[in-house]
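Please open the model in your viewer, and keep the sequence panel beside it. We will select one part after another and look at what is there.

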Amino acid sequence: MPDSKTIDVYSWPTPNGHKVHIMLEECGLPYRVHPVNIGKGDQFAPEFLAISPNNKIPAIVDPEGPDGKPISLFESGAILVYLAGKTGQFLPKGDRERYDVLQWLMFQMGGVGPMLGQAHHFRMYAPEKIPYAVDRYTNEAKRLYGVIDKQLAKQRYIAGKDYSIADIAIFPWLRSWQNQGIVLEDYPHLKKWFDAIAERPAVQRGVKVLAELRKPITDDKSREILFGKTQYERR
Ligand SMILES: N[C@@H](CCC(=O)N[C@@H](CS)C(=O)NCC(=O)O)C(=O)O
């Protein structure tokens, strides 16, 4: 039953949405999801832009922020850091360990997300096949998988011996490895980590959130909204 502690989550079943769904499940926080259908243009509704000015999911509104007053947040990395701070989970307290996690979280936000997103785009969505773009982003995807694999050869989780928000941020992006031109078996340490994370009950619940609503982006209207004129209208 929703109460004054229930966090409102504005989201869609994509990797950036999954990060927040998984974190909420891992932390056992009460939350209520409001679907923002990005293929239909819900992300441009004024009420959504008021909490997410960059017209992207996910965003949250926590009625009980750090000062007891409501807080709204966008950007999945910031939301993960916020929820970790709120619950004291998945972000170590020691400075050294915390910075280790934050650097890998930034690696996900600045590298893994944008580059794998472009690999997916040019391989799957671009109306014409542009070999330069396909090669550039597929190679970049392979390079990033290699970096992660090397890191996981040394330790169980991406930022050390403990599972953290850095693992939670990276995992959902690697679920569509086929669409990024990757063969998972080429990265054995990464694969072992991936399989172990996929087994976690909270992860399994998290990736199911809103999953039934997602449809492949194949129609021209959705493409136009996400990649065309609608995206670039001044708001
Ligand atoms: N850096 C942002 C990226 C969010 C993002 O790219 N969201 C996509 C879905 S995964 C979206 O909402 N796209 C809708 C649009 O661009 O209009 C984050 O991590 O929260």
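Select helix H1 (residues 15-27) together with helix H6 (residues 165-174): their axes stand at an angle of about 140° and lie 8 Å apart, where an axis is a line fitted to C-alpha atoms, for helices over the stretch in contact, and the angle runs from 0 to 180 degrees between N-to-C directions. H1 and H6 are therefore oblique to each other, since angles under 35 degrees count as roughly parallel, over 145 as roughly antiparallel, 65 to 115 as roughly perpendicular and the rest as oblique. This is a predicted model, in which local features need pLDDT of at least 70 and side-chain atom pairs count only at pLDDT 80 or more, while totals for chains, interfaces and linings use all residues. Residues are numbered from 1 along each chain as its sequence is written, and side-chain values use heavy atoms, with hydrogens and water left out.

On the H1 side you will find Pro15, Asn16, His18, Lys19, Ile22, Met23 and Glu26, and they meet Ile165, Ile168, Ala169, Phe171, Pro172 and Trp173 of H6, contact being heavy atoms within 4.5 Å. Colour them by class, and this contact has 9 nonpolar, 2 polar and 2 charged residues; here Ala, Val, Leu, Ile, Met, Phe, Trp, Tyr, Cys and Pro count as nonpolar, Asp, Glu, Lys and Arg as charged, and the others, Gly among them, as polar.

Now move to helix H3 (residues 76-87) and helix H4 (residues 95-125), which pack at an angle of about 155° with axes 10 Å apart. H3 and H4 are therefore roughly antiparallel to each other. Which residues of H3 and H4 meet? Ser76, Gly77, Leu80 and Val81 come from H3, and Leu102, Leu105 and Met109 come from H4. By class, the contact of H3 with H4 has 5 nonpolar, 2 polar and no charged residues.

Followed from the N terminus on, the elements run β-α-β-α-β-β-α-α-α-α-α-α-α-α. Along the principal axes, the C-alpha atoms fill a box of roughly 50 × 45 × 30 Å. If you colour by accessibility, 49% of the 235 residues count as buried, that is, under 20% relative accessible area with a 1.4 Å probe and protein chains only.

Conventions
Helices (H or I, at least four residues) and strands (E, at least two) are DSSP runs, numbered from the N terminus. Buried means under 20% relative accessible area, exposed over 50%, partly exposed in between (1.4 Å probe, protein chains only).
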